[in-house]
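Please look over the sequence and the structure shown here before reading the briefing that follows.

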Amino acid sequence: MSAAEGAPAPVRSAASAPPQAFTLPPAARRWGRVPDRWIARLSAAPAVLFLLALFLFPLLWAVVLSFSTYSATRNQPLEWVWFANYVDVLTSPQVWERAVITLVFVVGAVGLQTVVGFSIAFLLARRRRGRGALTILLLLPMMLSPVVIGAFWKLMLDAQFGVVNQIVRAFGGESILWLTQPRLALLSLIVVDSWQWTPFIMVIALAGLTAVPRYLFEAAEIDRASEWFKFRHITLPLVWPLLLIAVLFRAIDAFRLFDLVYVLTGGGPGSSTETLSYHLYKVAFQNSDTAVASAYGILMVIVVTLATQVYVRYLTKVQAR
Amino acid sequence: MSAQTRESSRVRTTIEVVLLAIAVAVMLFPAAWMLLTSLKDLQDVYAGSVVFSPTLENYRDVFVSRSAAGGASDLVRNFANSVIVTASATVLATVIGVPAAWAFSRFPLKGKKDQLFFILSTRFMPPVVVVIPLFVMYRTLHLYDTRIGLVLLYTAFNLPFTIWMMKGFIDEVPAEYEDAAMVDGYSRLQAFHKVALPLLLPGILATAVFSLIFTWNEFTFAVFLTGATSRTVPPAIAGLLGGQSTPWGLVAAAAMVFAVPVLAFGWFVRTHLVAGMTFGAVRR
């Protein structure tokens, strides 16, 4: 890291700098200082306050709303129904249907991008020349806004004039309804999300792969170990913990995916690509069931928190090995 | 090494290069296609032609209104909003976040671990969940569809990242440097300012650029908390996509104009990319 490399410089210059460059420190001003405790508190306070006001407070508000019959647009008397909204959400077959869709999406997308991303990283790690330049090129999709990506792919996957179908037709196939056939639409969503986030897995896996010490391979070479053995027993154990972190980040993001669905499919056709986040948006802003939506959202937060806890526990076990 | 194994390793290298070339092509093709589309008129878009006479009309439409009166287009206002909101939120998050990171790195604060975990957990919250009460709250406080409202929200949105990333950078600078300066008679803050800050500057810059990219691209909060006046570019582009017939040339040109700054900034922080995308959890 550049900060660490540059670190000793000021100390040396303070010790050996010529006298004219050395400004005398204000040794006399030792009294009347603010105590460290207060400096620390004052430095951290604005940030913590900001987050309390704009994340924790709204969340607590959502908890309060979730026990009521509040609606943001309908003018109706407020009633306290306690856990009725939670029961409604948990017993709604629609919600469970969306949960399954979300699960398919998360597993499909994260799985696909992990396999492809790791494979590309593996190929890149074996190249010496041009690795840096290639990596930068491959990172392009990750930098773009989901809206821009949604626009790209909506154009390319259009059934009539989309370039993907042009290619399909050029090979003698029929036009494929990528975004208007339920199963294909979900598949398209998975592919587009993977297009954007494969580079993320790739770049993290690459960081792990290039950090594997060469002498391990040389030792295995002397023992005439097979390629598969080297991969299974040297490469993978060293990259695995890093890959797990990457998968954690991706899984959380995939679970709460909203923007790409909004731009690419709008949840359609029917409800075949409605993730939980998208369904929640419809309940909250199209049906104006603010209270039910709050309960729905709180349940989602609980699910993601619990899943993360379990996963992190597994992760620390792997890292401890 | 025998001739046969050398031959097979050469075949293998060729296969690997071909596979990599395919990967690069797949990753770059959509962007290239969008660039082409931005230079086409609508007829060429629908024809899907590869050979066409390029036009810059679409780029003109991004900035100049089509109406008879002329003048600036709606997108110009969206771009102005995006620039103002992104710049303010980035500066604010950096100014508030860096001291907090310093405090968390250097001092034994009460409940430090809990606070840090709380800060991180805000990153995992689905935006749609936060946006529901926030929408109600902003309407009451008259912050709905204001730039200030967006700036405040994006500051909070960038703070967890700024704090975690900067804490990593600050942890790498030994606290002894500041202690030594304090022995020389500097106060705490002077020591931070004179000794630590110059060393941290590259890290602060990289962190700020990441905040810039995240804010610039953000869509979900923007679409729910803005109306016509303070709308940023991402929801505006999404709005163009939603209608009966999409003006594809305009969408493509707007997307290009919108994406170029991000790519430039991404290039700028390319060495920090892994750390930046994982909250500093993974560093090289």
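How many residues of domain 1 of chain B are in contact with domain 2 of chain B? In this predicted model, 13 residues of domain 1 of chain B are in contact with 11 residues of domain 2 of chain B, where contact requires C-beta atoms, placed from the backbone, to lie within 7 Å. Residues are numbered from 1 along each chain as its sequence is written, and chains are lettered from A and ligands numbered from 1 in the order in which they are written.

**Domains of chain B**
- Chain B is divided into domain 1 (3–63) and domain 2 (74–277), with bounds that come from an automatic or database domain assignment, and the C-alpha centres of these two domains lie 32 Å apart.
- On the side of domain 1 of chain B that touches domain 2 of chain B, helix H1 (3–38), helix H2 (42–47) and helix H3 (57–63) of chain B each supply at least two residues, and H3(B) gives the most, with 5 residues; helices are DSSP runs (H or I, at least four residues) numbered from the N terminus.
- By class, that side of domain 1 of chain B has 7 nonpolar, 3 polar and 3 charged residues, counting Ala, Val, Leu, Ile, Met, Phe, Trp, Tyr, Cys and Pro as nonpolar, Asp, Glu, Lys and Arg as charged, and the others, Gly among them, as polar.

**Contact between the chains**
- The contact takes 83 residues from chain A and 85 residues from chain B, and helix H3 (residues 36–66) of chain A gives the most to the chain A side, with 17 residues.
- The side of chain A that touches chain B has 65 nonpolar, 10 polar and 8 charged residues.

**Burial**
- Helix H8 (residues 146–156) of chain A is mostly covered, with 11 of its 11 residues buried, a residue being buried if 20 or more other C-beta atoms lie within 10 Å of its own; among them are A:Val147 and A:Ala151.
- Leaving aside its neighbours within four places in sequence, B:Ile237 is in contact with A:Val147, A:Ala151, B:Val251, B:Ala254, B:Ala255 and B:Phe258.

**Confidence**
- Chain B averages a pLDDT of 86, and 96% of the residues score at least 70.
- Within chain B, confidence is lowest in helix H13 (residues 273–277), at a mean of 74, and highest in helix H4 (residues 74–106), at 92.
- The predictor gives the complex an ipTM of 0.86 and a pTM of 0.86.

Conventions:
Predicted model: local features only at pLDDT ≥ 70, side-chain atom pairs only at ≥ 80, totals over all residues. Contact = placed C-beta atoms within 7 Å. Buried ≥ 20, exposed ≤ 12 C-beta atoms within 10 Å, placed from the backbone. pLDDT = per-residue confidence, 0-100.
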